[in-house]
Amino acid sequence: MARRHQALRTPRAAGLVGVIFALLLGAAIVLVRLALPGEPGDVGGDWFSDASRRRTVQTALGLIPFAGIFFLWFMGAVRARIGDAEDKFVATVFLGSGLLFVATLFGAAAAAGSLLAAAGASGTGSGQLQYFGQHFTYGLLTTYSMRMAAVFTLSTSSIGHQLGVLPRWLSVLGYLVALTLLFVTDSIAWSELVFPLWALVVSLHILVAGRRSASASPS
């Protein structure tokens with residue numbers, strides 16, 4: 001009985017940390033976009049010399065490690081919702097893309113942190129250092145991290161649609177989010193927010209589905 005109760009509780013608890021992941025990543029993206037509103041090549045308005053903008057970026061970087069940790073729990077919530085019937089090929093893509101997303105997200109955060117440390121040590125940043133650092137950070141975030149997020153979203157939606165554990169509208173939403181992350185994030189600012197918004201919707205669905213399962217099961 002305790003084992004069955006634990007099986008019912010796990011997706012609900014893990015779905016809650018999925019909500020936390022979505023809020024943390026969304027907040028980090030918003031803070032970075034507010035502090036660095038331009039593209040990486042726009043060196044005008046030197047944010048290196050603006051202490052308040054540097055602090056904003058540092059706050060965002062402080063949120064990212066926790067977002068990555070909660071994302072791993074979110075992956076566990078999705079797998080718990082899917083169950084043992086998942087296709088091994090798609091499941092491998094699901095796991096690989098999720099882990100690569102976290103790795104590239106941490107890499108982008110580490111690059112931005114090194115850039116801030118260099119600026120703090122010198123009091124300001126040289127044009128070449130700022131140009132390289134911003135391009136490197138944006139490249140990891142928009143070209144690699146968001147692409148891995150797109151593959152993760154696509155594989156999750158495919159598994160959920162094939163097994164019927166996700167409603168049709170949520171699978172279609174996942175496909176649209178994946179296409180946005182694949183083709184739009186490096187050209188349209190703020191489009192990265194579609195990924196934490198999708199994760200928030202999926203997590204809320206897991207919480208609601210887990211509550212319904214707990215209510216429907218006999219005591």
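Before anything else, please keep in mind that the model on the screen is predicted.

I'll start with the fold. The chain has six helices and zero strands. Read from the N terminus, the order of elements is α-α-α-α-α-α. The chain has 219 residues, and 42% of them are buried. Take the contacts in the chain with a separation of 6 or more: 80% of these are between residues 24 or more positions apart.

Next, the cavities. How many cavities of 30 Å³ or more turn up in a search of the whole structure? There are two. I will discuss the largest cavity, which holds about 290 Å³ of space. Its lining is made of 22 residues, and those nearest the centre are Val32, Leu61, Ala112, Thr137 and Leu141. If you want to find this cavity on the screen, those five names are the ones to select.

Which helices supply at least two residues each to that lining? They are H1, residues 2–35, H2, residues 51–82, H3, and H4, residues 127–163. The one that gives the most is H4, with six residues.

While we are on H4, look at Tyr144, which sits in that helix. Leaving out residues up to four places away in sequence, Tyr144 touches Thr104 and Gly139. Tyr144 and Leu105 are 39 residues apart along the chain, and their C-alpha atoms are separated by 8.6 Å.

Now to H3, which covers residues 88–122 and includes Ser97. Is Ser97 buried or exposed? With a relative accessible area of 4%, it is buried, because the cut-off for buried is under 20%. Beyond its neighbours within four places in sequence, Ser97 is in contact with Met148, Val151, Phe152 and Ser155.

Over to H2, where we find Trp73. Trp73 has 52% relative accessibility and therefore counts as exposed, the cut-off being over 50%. Trp73 and Gly18 are 55 residues apart in sequence, yet C-alpha to C-alpha they are 6.9 Å apart in space.

Then the charges. Side chains of opposite charge can pair when their charged atoms come close. In this model the count of salt bridges is one. Which residues form it? Arg33 pairs with Glu192, and the closest N and O atoms are 2.5 Å apart. This pair links distant parts of the chain, since Arg33 is in H1 while Glu192 is in the loop between H5 and H6, 159 residues away. Both Arg33 and Glu192 are buried.

Phi of Trp190 is near 75°, which is a positive value in a residue other than glycine. Trp190 is partly exposed, because its relative accessible area is 36%.

Finally, H5 itself. Thr180 lies in this helix. At a relative accessible area of 22%, Thr180 is partly exposed. Where does Thr180 make contact, once residues up to four places away in sequence are set aside? It touches Thr185, Ser191 and Val194. For Val194, which is 14 residues from Thr180 along the chain, the C-alpha separation is 7.9 Å.

The last item is on the surface. Val172, Leu176, Leu179 and Phe183 form a nonpolar patch there, and together they have about 400 Å² of accessible area. One of the four, Leu179, belongs to H5, which runs over residues 168–183. Leu179 counts as partly exposed, because its relative accessibility is 45%.

To recap: six helices and zero strands, two cavities of 30 Å³ or more, one salt bridge, and a nonpolar surface patch that includes Leu179. And again, all of this comes from a predicted model.

How values were computed:
Residues numbered from 1 in each chain as written. Predicted model: local features only at pLDDT ≥ 70, side-chain atom pairs only at ≥ 80, totals over all residues. Heavy atoms only, no water. Patch = residues over 30% accessible without salt bridge, like charges linked within 9 Å, V, L, I, M, F, W, Y side chains within 5 Å. Areas by Shrake-Rupley, 256 points an atom, 1.4 Å probe, with all protein chains shown as cover. Salt bridge = Lys/Arg side-chain N within 4 Å of Asp/Glu carboxyl O. Buried < 20%, exposed > 50% of the residue type's maximum accessible area, 1.4 Å probe, protein only. Contact = heavy atoms within 4.5 Å. 1 Å grid on protein atoms, 1.4 Å probe; cavity = no way out; pocket = protein on both sides within 12 Å on 5 of 7 lines; lining within 4 Å. Points joined across faces, edges and corners; volume = space filled by probe spheres on them.
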